[in-house]
Amino acid sequence: MPAALIDGKAISAAVRQQVTADTAEFVAATGVTPHLAAVLVGDDPASQVYVRNKERACEKCGLKSTLHRLPADTTQDQLAQLVADLNADDSVHGILVQLPLPAHLNAEPILDAILPAKDVDGFHPDNVGRMLQGRPRFLPCTPHGVMKMLEHEGIETSGKHAVVIGRSDIVGKPMGALLIQRGADATVTICHSRTADIGAITRQADILVAAVGIPEFVKGDMVKPGAVVIDVGINRVNDRLVGDVDFEAASQTASAITPVPGGVGPMTIAMLLNNTLEAARLASGTTD
Ligand code: NAD
């Protein structure tokens, strides 16, 4: 039987609906509109689309968003100065620096300079440490979105073997970290580019998360019958978006699977909105 489809669009719509209602309540109570400042350096076409989508999503949920566009030849100091200005601006609750930055810029010190209380991407070492210790401030949006999907679909993680392919700081590592937290309680294996015989490991996965960046990397025979397959990958192939999983083949083996597009992607944006509202709550002292 083909796998059930995990509909990221529908689940993200539910999250956004909740954020919209909570934002309206927050604005009514405080008179403050949660405000996301996005920084885009250069004119990478994919980044422009991502930032525009984030802006639109903010507006639809009643959040304010401001886009700061900087030219491709912006210097490290100029970018650092903008981040410092946004840190100092009390009307800004969340700061997002769209990655990748142009090659001449070093992202690490820029991301480190964002105030942890405004780091709605959840990339700051302070927020990563909190996440690891199970006392999160902001969770990174993509892995948080995956956890929300699993929760929404009633997919049990406790005691399950979750295999994550990819060890990036924005997806693979935090994905593994969230799956082993108390409450999620999965047993986690993280695979990466140096992992030997990766298929032997993925075939043990009850939950398989692919965040590789290689189109259709996960073949049907790498999926255990009945597994839940979460495809984080977004790859452009001949003007078509393709995931990291061979969807057709994996659908024949898995019990449930996310599509690309319409899977994890919409969840990432929804969790960003959620974090921006949370940042405004933190700033106003209205959070628990
Ligand atoms: P990345 O390039 O930073 O990391 C890729 C990881 O895959 C690396 O850790 C590497 O070790 C591993 N890898 C590479 N080749 C491998 C191989 N042959 N075998 C096993 N592992 C291998 O990428 P990323 O930022 O983690 O993104 C991964 C994918 O997810 C990309 O397609 C990206 O576009 C997508 N993505 C989607 C969202 C979303 O919202 N859905 C968000 C972020 C990233």
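Author: A residue is called buried when its relative accessible area is under 20%, exposed when this area is over 50%, and partly exposed in between, with a 1.4 Å probe and only the protein chains taken into account. The structure is a predicted model, in which local features need pLDDT of at least 70 and side-chain atom pairs count only at pLDDT 80 or more, while totals for chains, interfaces and linings use all residues. Residues are numbered from 1 along each chain as its sequence is written, and side-chain values use heavy atoms, leaving out hydrogens and water.

Reader: Why is C61 called buried?

Author: The relative accessible area of C61 is 3%. The limit for the term is under 20%, and C61 therefore counts as buried.

Reader: What value places C58 in its accessibility class?

Author: C58 has 0% relative accessibility and is therefore buried.

Reader: How do you know how many disulfides there are?

Author: A disulfide is a covalent bond between the sulfur atoms of two cysteines. The rule applied here asks for a pair of cysteine sulfur atoms within 2.5 Å. By this rule the count is zero. For C58, the closest cysteine sulfur is that of C61, at 7.5 Å, which is too far for a bond. C61 is accordingly in no disulfide, its nearest cysteine sulfur being that of C58.

Reader: Which residues make up the surroundings of the ligand?

Author: A residue is near a molecule if one of its heavy atoms lies within 4 Å of it. The shell around the ligand has 23 residues, and the closest are R167, S168, V232, I234 and T268.

Reader: What makes a residue of this shell nonpolar, polar or charged, and how many are there of each?

Author: Ala, Val, Leu, Ile, Met, Phe, Trp, Tyr, Cys and Pro count as nonpolar, Asp, Glu, Lys and Arg as charged, and the others, including Gly, as polar. Sorted in this way, the shell has eleven nonpolar, ten polar and two charged residues.

Reader: Which helix gives the most residues to the shell?

Author: Helix α10, residues 264-284, gives the most, with three. Helices (H or I, at least four residues) and strands (E, at least two) are DSSP runs, numbered from the N terminus.

Reader: How far does the side chain of S251 lie from the backbone oxygen of F247?

Author: The distance is 2.6 Å. S251 belongs to helix α9, residues 247-253, and is buried because its relative accessible area is 7%.

Reader: Why is N238 called exposed, and what is its phi?

Author: N238 has 75% relative accessibility and therefore counts as exposed. Although N238 is not a glycine, its phi is positive, about 45°; the residue lies in the loop between β9 (235-237) and β10 (240-242).

Reader: Where are the cis peptide bonds of P100 and P261?

Author: One joins L99 and P100, with omega about 0°, and P100 is in the loop between β4 (94-97) and α4 (107-113). Another joins V260 and P261, again with omega about 0°; P261 is in the loop between β11 (256-257) and α10.

Terms used:
A polar contact is a pair of N or O atoms within 3.5 Å; within protein, one must be able to donate a hydrogen and the other to accept it, and residues adjacent in sequence count only if both atoms are side-chain atoms.
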